[in-house]
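Morning, everyone. I have one structure to walk through today. Let me put it on the screen.

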Amino acid sequence: MIQDIFPCRLDHAFRDREPEPEDCFFSFRGGEVLLRVSEDGSRRIPVFHDLGLPFAEVRRLAVFLFCVDGVTVYLLRQQGDVLPEREGMQYLPLRELDGILLGWAYFAGATALHLAGWYERNVYCGRCGGVRMQDRGRRSLSCPDCGDTVYPAIAPVVMVAVTDGDRLLMTKYGDRPLPQWVLISGFVEAGETLEEAAEREVYEETGVHIRGLKYFGSQPWGFSGSVIAGYTAELDGSDQLHIDTGELSAAAWHPRSSLPKELTDISIAYEMIEAMRLPEKGGAG
């Protein structure tokens, strides 16, 4: 999965550290990330020295994110337009980080994207409209006018692999451009347990009931600012599907012998499907 970067380790502890010219950083433009691109096409995460900006300006916009094996990583917060693309610097899709030699780059980029969105949405206080300030010693933003404090928001998501004997229930989204078969998933509502959310999402999307809900594992998913809790479950009752056409374009029971292989190995969904494909390694069914 994307967070499996062993032997590297992403250290989330916040530090009051001033950036140095050789420290690396992330800068985003929508879903794209700024990378240093060499003449031979190789890519790397840029360092502040690459910007060619007065370092006082860099220090003003840089926010400490985390450390990875002693490498300090920052976010460059933009005010107004994003950074112009200088020679050798280019905004590219975030997935391009997967090809960088640093084994942790993709996960670090997804986590940085999560935090970048939080910082962007919290420039101003939601209570009084004042400008929020970075607190010292912790990952939080406070309003000096009214004292309101916010912390990074994480949206919990449940994902469920529903089985019926040797069959796995999979769906296709109808409200977004993702054509592959996926597992049932959805956000947890306020006042709802993870288990209640799992049962509700399965029924709302496909019209079937489940039993034997078991925890599989979890995954941070910075692309949507989420943490995903994966579960397995068994069909309880009729296998007839009644899909929510507002969210899904299709739903079907797939035999273990012919499960789709469309997902990449960075996701917990891939791990859950592979567990179903190879039951001797702990799959359901």
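Start with a pair of residues. Asp 164 is partly exposed, at 27% relative accessibility. Arg 167 is partly exposed as well, at 25%. On our scale, buried means under 20% relative accessible area, exposed means over 50%, and partly exposed is in between, with a 1.4 Å probe and protein chains only. The side chains of Arg 167 and Asp 164 meet in a salt bridge, 2.5 Å from N to O. For that term, a side-chain nitrogen of Lys or Arg must lie within 4 Å of a carboxyl oxygen of Asp or Glu.

A word on the source. This is a predicted model, where local features need pLDDT of at least 70, side-chain atom pairs count only at pLDDT 80 or more, and totals for chains, interfaces and linings use all residues. Residues are numbered from 1 along each chain as its sequence is written, and side-chain values use heavy atoms, with hydrogens and water left out.

Back to the salt bridges. How many does a search of the whole structure find? The count is 17. Arg 15 bridges to Asp 11, with the closest N and O atoms 2.7 Å apart. Arg 15 is partly exposed at 30%, whereas Asp 11 is buried at 17%. Glu 32 and Arg 29 form another bridge, 2.8 Å from N to O. Glu 32 is partly exposed, at 24%. Arg 29 is partly exposed too, at 34%.

Now charge overall. The protein chain carries 28 positive and 43 negative side chains. Lys and Arg count as positive, Asp and Glu as negative; His and the chain ends are left out. The centres of the two sets are 4 Å apart, with each charge placed at NZ of Lys, CZ of Arg, CG of Asp or CD of Glu.

Next, the fold. The chain has four helices and 17 strands. These are DSSP runs numbered from the N terminus: helices are H or I with at least four residues, strands are E with at least two. The C-alpha atoms fill a box of roughly 65 × 50 × 35 Å along the principal axes. Of the 285 residues, 46% are buried. Look at contacts with a separation of 6 or more: 63% of them join residues 24 or more positions apart. A contact here is heavy atoms within 4.5 Å.

Is H4 mostly covered or mostly open? Mostly covered: H4 spans residues 268–277, and eight of its 10 residues are buried. Among them are Ile 268, Met 272, Ile 273 and Met 276. Two charged residues, Glu 274 and Arg 277, are on the buried list too. What do the buried residues of H4 pack against? Four strands: S12 (155–164), S13 (167–173), S15 (210–221) and S16 (226–235).

Last, the aromatics. There are 10 aromatic pairs. Rings of Phe, Tyr and Trp (its six-membered ring) pair if their centres lie within 6.5 Å; planes under 30 degrees apart are stacked, over 60 edge-to-face, and the rest tilted. Phe 48 and Phe 55 make an edge-to-face pair, 6.2 Å centre to centre, with 80° between the planes. Phe 48 is buried, at 1%. Phe 55 is partly exposed, at 22%. Both belong to a cluster linked by ring pairs, along with Phe 14, Phe 25, Phe 64 and Tyr 74.

That's my tour. Questions, please.
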